[in-house]
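Hi everyone, thanks for coming.

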Amino acid sequence: MLKKFELILTVVENKKLNNSYFQLILTHPNPLPEMLPGQFVEVKVENTTTVYLRRPISINDVDYKANRLSLIIKNVGDGTNALSKLCAGDSLNLLLPLGNGFTLLENGSAILVGGGVGIAPLLYLGGKLREKGVKVTYLLGFKYNSDIIDLSAFEAVGDVNITTEDGSIGVKGFVTNHPVINSKFDRMYVCGPTPMMKSVAKCAIESGTDCEVSLENMMACGLGACLGCVTQTKEGHKCVCSDGPVFNINELIW
């Protein structure tokens, strides 16, 4: 298990991606610790009287050469709204890296399926898989065209396929409506809303494809101490923050 650190990082850039999403690029004067795809950070929200707990945020990407960490965040409440107002030069207290990440496939092919803000950790995952010789295919689902962010970084890693629920771009419907999901892959990796992940898991079971999902249960401490994020598994209740957030679908009772 990787050692956890509490670090003060500096905001390099706060980039607005669309009306709901923004990207924080952070740096630290010392080399960043090793982080695995699928792990997350707990962000301390300062200068607010309404937010008391850290906010769990998926690791979007890590550039060790440039010593930078990227987080993609959806503005949904007081905590994330406060983070959306950060400017270059501001400091941010992070606890990292937390949780257990994805199991990296060696060679072969993988489809990385994401919905909404669940696409965020799939960029770092895709890059690490490609380093191992894996052919990466992305299947990313959005409600509307206006929800789509710049996907050029994903396109640099693998083939990108898109669905929108209103059909404004890509295939109309959910990710399970896209024909690429019926192609043969050695593994599926999934992150997004639970109903979407359950639907994709069903496709994986029917095709006999190994599948890992990243759960999005509400997390408070991020360390497995408060027991607020437990999920039911075939081995009993487990904390999503410390035993997960990544689980093989064969472990879960869905």
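Which backbone nitrogen does the side chain of Asn18 reach at 2.8 Å? That of Ser20. A polar atom of the Asn18 side chain also lies 2.7 Å from the backbone nitrogen of Tyr21.

A word on the ground rules. This is a predicted model, where local features need pLDDT of at least 70, side-chain atom pairs count only at pLDDT 80 or more, and totals for chains, interfaces and linings use all residues. Residues are numbered from 1 along each chain as its sequence is written, and side-chain values use heavy atoms, with hydrogens and water left out.

Back to Asn18, which sits in the loop between strand S1 (5-16) and strand S2 (21-27). Its relative accessibility is 11%, so Asn18 counts as buried (under 20% relative accessible area, with a 1.4 Å probe and protein chains only). Leaving aside residues up to four places away in sequence, Asn18 touches Ser146, Asp147, Ile148 and Ile149, where contact means heavy atoms within 4.5 Å.

Now the pockets. A pocket here is an open set of points on a 1 Å grid over the protein atoms alone, where a 1.4 Å probe fits, with protein on both sides within 12 Å along at least five of seven lines; lining residues have an atom within 4 Å of a point.

The largest pocket holds about 1,200 Å³ of space. Its lining has 46 residues, and Lys74, Gly115, Val117, Gly118 and Glu216 are the closest to its centre.

The second largest pocket holds about 520 Å³. Among its 23 lining residues, Asp61, Leu123, Ala153, Phe154 and Val157 lie nearest the centre.

Terms used: Helices (H or I, at least four residues) and strands (E, at least two) are DSSP runs, numbered from the N terminus. Buried means under 20% relative accessible area, exposed over 50%, partly exposed in between (1.4 Å probe, protein chains only). A polar contact is a pair of N or O atoms within 3.5 Å; within protein, one must be able to donate a hydrogen and the other to accept it, and residues adjacent in sequence count only if both atoms are side-chain atoms. Grid points are joined across faces, edges and corners, and a volume is the space filled by probe spheres set on the points.
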